[in-house]
Amino acid sequence: MGEHLGIRNRFSFMTGNIAVLTMTQVLGRFFRSMVFPYASLYVLSLGGGSSQIGIINSLRPLAGLVMFPLAGYFTDRAGRKILIALAGYLSAATMMLYVFAPSWEWIALGAFLQGFMVFQFPPTSAIIADSLAPENRGIGVATMTTIASVLGMFSPYIAALVLQIYDTAPGMRILYALLAGAGAAGATINLRFLDETAREVEMGPRLSVSQIFRDVYGGIPLMLRQLPAPLKALGVVMVLGFMANGVASSFWVVYVVEEIGLSTVDWGLILFIEGALKVVFYIPAGVLVDKYGRARSLMASLLFSIVSIPMFVFARGFYQVLAIRLAVGVSNVLFIPACSALMADYVPRDIRGRVMAALGRGTVIVGATGGGTGGPGVGFLITIPLMVASVAGGILYAVNPIYPWLFLLFTILMSLAVTGLYIRDPKIAEI
């Protein structure tokens, strides 16, 4: 009985906003994990090539240059809840461009418009940080990710079967339509059940458009100067991580199919097994992050990455690719809670929206296999490097399919150096 109460107390944070956001993440993750691993094949089926894939990936973060600072500003002044719900409805509407796309140019337009939906990420990141006590942030993020991943781990394999039955283009239209419906449903749940966490003192008087832009962009240099050195170093690690994903994430499936010779169903099965591994280990990894420290866990994650990801170009066959992806999965389960907890620990509540708009939440997906170039981990300071990397990825792959993974090796080495030299756990975490 006492042990049961101990477990219940350990996971007592899974109520209120955390429970609501976990529910909507379950819904979103299930359908996103169907679409993203095969998005590049959809572009190829509509007449695009590797260069067009890179261009499309570079358009998605473009709107973030404008939207992230505004979202961070309004998150801290006008609250979190309404921005999260509004973005969900608009995202579902723009997803129709993907559903009815007659050519890859429509996908490019959809990617550009989807980029404006990033204004949901700073308020979502802030409301999660607000709703978790410092001692629970590692396990809290890990638990949310685990629950959201339980159904999502089946998604790539289910999607592969859909594509096999209906062929690539018709199958992807079905999957994008399902994703749009899930987005609208999630927005409704958030609007109905989330509780606002912005303090009343953060709610300021109405300002003119010119005053808003002056406050938003004029305050960025001062805010960045005030950030502690370890947080700036963490920002560098996140930039490097997103650049790596910008170059390579869309080409994992292309390389597996075209160079190694596996089928989409084989790739879907590999991603399913990797997803199952992560579901098992996310919560234990979150406990390790809280117990042994965020910086140590981050370093361990990068070490797993450097001994696994570059080996992908030497893989020949199903089991070698599977072994590499399982090692990448171990890296992920450590990286995400460690990096997210560090962000929350270092940033005061009153400026979380603005700082996370600049640097993201910290949820960089290590070795992302499609769709890893966006999401709540992105901030406006990451946008331009990500855009450049996305374009470069298409060019590098066209020149030599091995080059994107050489770039990944470089970014992991740089991240290891920055983490070892500059990133330390704060002595007192922000609440």
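User: How many aromatic pairs does the count come to?

Analyst: The count for this predicted model comes to 13 aromatic pairs.

User: Why is the pair of Phe 154 and Phe 272 called tilted?

Analyst: The ring planes of Phe 154 and Phe 272 stand at 35 degrees, with the centres 5.1 Å apart. Stacked needs under 30 degrees and edge-to-face over 60. The pair is therefore tilted. Phe 154 sits in the loop between helix H10 and helix H11, and Phe 272 in helix H17, 118 residues apart.

User: What makes Phe 154 and Phe 272 partly exposed?

Analyst: Buried means under 20% relative accessible area, and exposed means over 50%. Phe 154 has 35%, so Phe 154 is partly exposed. Phe 272 has 24%, so Phe 272 also counts as partly exposed.

User: Why is the pair of Phe 251 and Tyr 397 called stacked?

Analyst: The planes are 10 degrees apart, and under 30 counts as stacked, so the pair is stacked. The centres are 4.7 Å apart. Phe 251 lies in the loop between H15 and H16 and Tyr 397 in helix H21, so the pair ties together parts 146 residues apart in sequence. Both residues are buried.

User: How do you know that H18 and H22 are roughly antiparallel?

Analyst: Helices H18 and H22 pack at an angle of about 155 degrees, with their axes 10 Å apart. Angles over 145 degrees count as roughly antiparallel. H18 and H22 are therefore roughly antiparallel. Their crossing is left-handed.

User: Which classes of residue make up the contact of H18 with H22?

Analyst: Residues in contact include Leu 298 and Met 299 in H18, and Leu 409 and Ile 412 in H22. By class, the contact has 10 nonpolar, four polar and no charged residues.

Technical notes
Residues are numbered from 1 along each chain as its sequence is written. This is a predicted model: local features need pLDDT of at least 70, side-chain atom pairs count only at pLDDT 80 or more; totals for chains, interfaces and linings use all residues. Side-chain values use heavy atoms; hydrogens and water are left out. Axes are lines fitted to C-alpha atoms, for helices over the stretch in contact, and angles run from 0 to 180 degrees between N-to-C directions. Helices (H or I, at least four residues) and strands (E, at least two) are DSSP runs, numbered from the N terminus. Angles under 35 degrees count as roughly parallel, over 145 as roughly antiparallel, 65 to 115 as roughly perpendicular and the rest as oblique. A crossing is left-handed if the near helix is turned anticlockwise from the far one by less than a right angle, and right-handed if clockwise. Contact means heavy atoms within 4.5 Å. Ala, Val, Leu, Ile, Met, Phe, Trp, Tyr, Cys and Pro count as nonpolar, Asp, Glu, Lys and Arg as charged, and the others, Gly among them, as polar. Rings of Phe, Tyr and Trp (its six-membered ring) pair if their centres lie within 6.5 Å; planes under 30 degrees apart count as stacked, over 60 as edge-to-face and the rest as tilted. Buried means under 20% relative accessible area, exposed over 50%, partly exposed in between (1.4 Å probe, protein chains only).
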